[in-house]
Every structure is written in structure tokens, then in C-alpha cells.
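Me: I'd like to learn how to read a sheet and a ligand site in a model like this one. Could you walk me through it?

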Amino acid sequence: MLQVNQLGKTYRSGQRELTVLQDISFSVADGASAAIIGPSGSGKTTLLGLCAGLDRASTGSVYLNGIQLDDLTEDERADVRNRYVGFVFQNFQLLPSLTALENVMVPIELRGERGAEKRAVALLERVGLQDRRHHYPTQLSGGEQQRVSIARAFANAPRILFADEPTGNLDAETGQRVEELLFELNREAGTTLVLVTHDVDLAHRTQQVLRIRGGRLVSE
Ligand SMILES: Nc1ncnc2c1ncn2[C@@H]1O[C@H](COP(=O)(O)OP(=O)(O)OP(=O)(O)O)[C@@H](O)[C@H]1O
Ligand SMILES: [Mg+2]
């Protein structure tokens with residue numbers, strides 16, 4: 001489902017270059033689950049973004065569902081994301097001018113599918129936010145925003161779900177519920193799961209653990 005070959009990412013700011021990922025290779029099988037762990041600043045979010053086609057690698061290649069992302073234009077990558085990918089951002093990235101319900105409806109409407117509202121309501125119910133659906137992001141707590149972003153990521157029943165610290169802002173009980181939801185999707189819909197986490201228990205539930213340090217994969 002996901003294949004990463006000798007991936008590298010270098011940011012350029014003015015004259016200076018900063019290499020944040022180097023020579024990363026791994027693959028995640030269709031329907032499998034993997035956790036990316038490592039210290040703050042080690043490159044986890046950057047790696048997740050490259051795997052999901054949100055950003056472009058500097059070196060190496062990423063294959064998602066057999067499609068090589070590196071050669072695609074921005075629009076083509078967006079199309080691949082709409083088709084196959086769900087993404088839960090570390091900082092949620094909800095659209096501030098839309099309600100919780102409307103945020104969850106966006107990816108469904110982008111695909112031109114019917115019944116967006118009904119599906120979005122059901123998803124918000126699953127994350128326990130049925131009574132918050134008409135709230136705007138600023139009217140939601142951090143954990144509630146996180147759950148909206150998880151509902152949005154599920155909206156198109158993605159083949160692969162990337163989640164950046166999905167339980168990071170949640171209390172133990174809500175975190176547990178979100179965790180169950182992620183693995184339910186993995187089990188029932190066969191969704192491949194790739195998540196970044198600092199939660200050791202969560203990492204242990206996945207089939208594969210990728211440990212990165214200083215932009216390099218140190219163990220698998
Ligand atoms: N757009 C950018 N331009 C320049 N440097 C960047 C950019 N984005 C990230 N970095 C740098 O890349 C490194 C890796 O960042 P990244 O966000 O991937 O870390 P992380 O492992 O997700 O950390 P955390 O656990 O704190 O979320 C950091 O040193 C960061 O400062
Ligand atoms: Mg991060």
C-alpha cells in the first residue's frame with residue numbers, strides 16, 4: 001500500500017539548507033498498521049506529509065497504492081489524496097469558517113457524492129460529537145477539534161489513513177475511544193493505518209513500529 005525508497009527532505013531558507021529526513025526506506029502492506037515514533041523535531045510530521053502526498057520529497061520516492069507520487073503535479077497529488085487518503089493533522093487544520101458538520105462534509109462533497117450531510121452526522125456521532133455539530137472550530141475544545149478532524153479523515157472511507165498524534169490532545173477515556181475507532185476502521189474496512197504517536201501503548205498495538213531519530217530510520 002505504501003512504499004518509501006531512500007526518501008530525503010531538505011528545506012531551504014535563504015542560503016541555508018536544513019536536511020530533516022535522510023535515506024528513509026520502508027513499506028507498509030495493504031491493510032496493515034504502522035506507528036512512527038521518535039523525539040520532537042526528528043521528522044515524523046514531515047515524513048507523514050511526504051507519504052500522504054501533501055508535500056514533495058527532495059530525494060527518493062514514495063509509492064501510494066502503486067502510484068508514484070514524485071512525478072505528479074500538485075493537482076494530480078490532490079486527486080490521489082481525495083481518492084485514497086485520510087489525514088488527521090497534528091494541528092487539526094479545520095476550516096474556521098465552517099461548522100463541525102460542514103468540515104466533515106467537505107471531503108465527501110469534493111468527490112461529488114450524495115448524502116454528505118447524513119454521512120457526516122453519523123461520523124460525528126461515532127466520535128461523540130452529535131451535539132456539537134453546529135459549533136465552529138473556535139467554539140470547540142482542542143480534543144473536540146481533534147475528533148472532528150478524525151471524523152473528517154474517515155469521511156471517504158480512505159484506503160489509507162495517516163494520523164499525526166491522533167490521541168495527543170485527548171484525555172485517557174476519549175483517547176481510548178479514538179484509538180478503538182482507528183483500529184476498528186483498520187479491521188473492518190481494511191484501511192491501512194499509519195500513525196505518529198508518543199503513546200507507547202498505542203504504538204504497541206500496531207504491527208510495525210518505525211523509529212526515527214534526527215531524520216533517519218534507526219529501527220523497524
Ligand atoms: N517548512 C519548514 N521549513 C524549514 N524547516 C522545517 C519546516 N517544517 C519542519 N521543519 C523542521 O524539520 C524538523 C522536523 O520537523 P517535524 O515537524 O517533522 O518534527 P516532528 O518529529 O513531527 O516533531 P514533533 O514531535 O514536535 O511534532 C524540525 O527541526 C523542524 O524545525
Ligand atoms: Mg510532529
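Me: How do strand 1 and strand 2 pair, parallel or antiparallel?

Reply: A general idea to begin with: strands of a sheet pair through backbone hydrogen bonds, either parallel or antiparallel. In this predicted model, strand 1 and strand 2 pair in the antiparallel sense, with 9 bridges between them. To see one of the pairings, find Q3, whose bridge partner in strand 2 is S27.

Me: In what order do the strands of the open sheet lie?

Reply: This open sheet has 4 strands in the order 2-1-4-5, and the pairing is antiparallel. Strand 2 and strand 5 (67–68) are the edge strands, each pairing on one side only. Helix 1 packs on the sheet, where it touches strand 1, strand 2 and strand 4 (59–64). The direction of helix 1 makes about 120° with that of strand 1.

Me: Now the ligand. Which residues come nearest to ligand 1?

Reply: There are 13 residues around ligand 1, and Y11, S40, K44, T45 and T46 come nearest. Two or more residues of this shell come from each of strand 1 (2–13), strand 2 (16–28) and helix 1 (44–51). Helix 1 gives the most, with 3 residues.

Me: How many residues of that shell are nonpolar, polar and charged?

Reply: The shell around ligand 1 has 9 polar residues, 3 nonpolar and 1 charged.

Me: And what does the UniProt annotation say about residues 2–220?

Reply: The unreviewed UniProt entry annotates residues 2–220 as "domain: ABC transporter". In the model, that span is 35% helix and 28% strand, and its end C-alpha atoms lie 15 Å apart.

Note on methods. Residues are numbered from 1 along each chain as its sequence is written. Chains are lettered from A and ligands numbered from 1 in the order in which they are written. This is a predicted model: local features need pLDDT of at least 70, side-chain atom pairs count only at pLDDT 80 or more; totals for chains, interfaces and linings use all residues. A residue is near a molecule or strand if its C-beta atom, placed from the backbone, lies within 6 Å of it. Ala, Val, Leu, Ile, Met, Phe, Trp, Tyr, Cys and Pro count as nonpolar, Asp, Glu, Lys and Arg as charged, and the others, Gly among them, as polar. Two strands pair if DSSP finds at least two bridges between them. Two residues are in contact if their C-beta atoms, placed from the backbone, lie within 7 Å. Axes are lines fitted to C-alpha atoms, for helices over the stretch in contact, and angles run from 0 to 180 degrees between N-to-C directions. UniProt positions are given in the numbering used here, feature names are shortened, and annotations may be inferred rather than shown by experiment.
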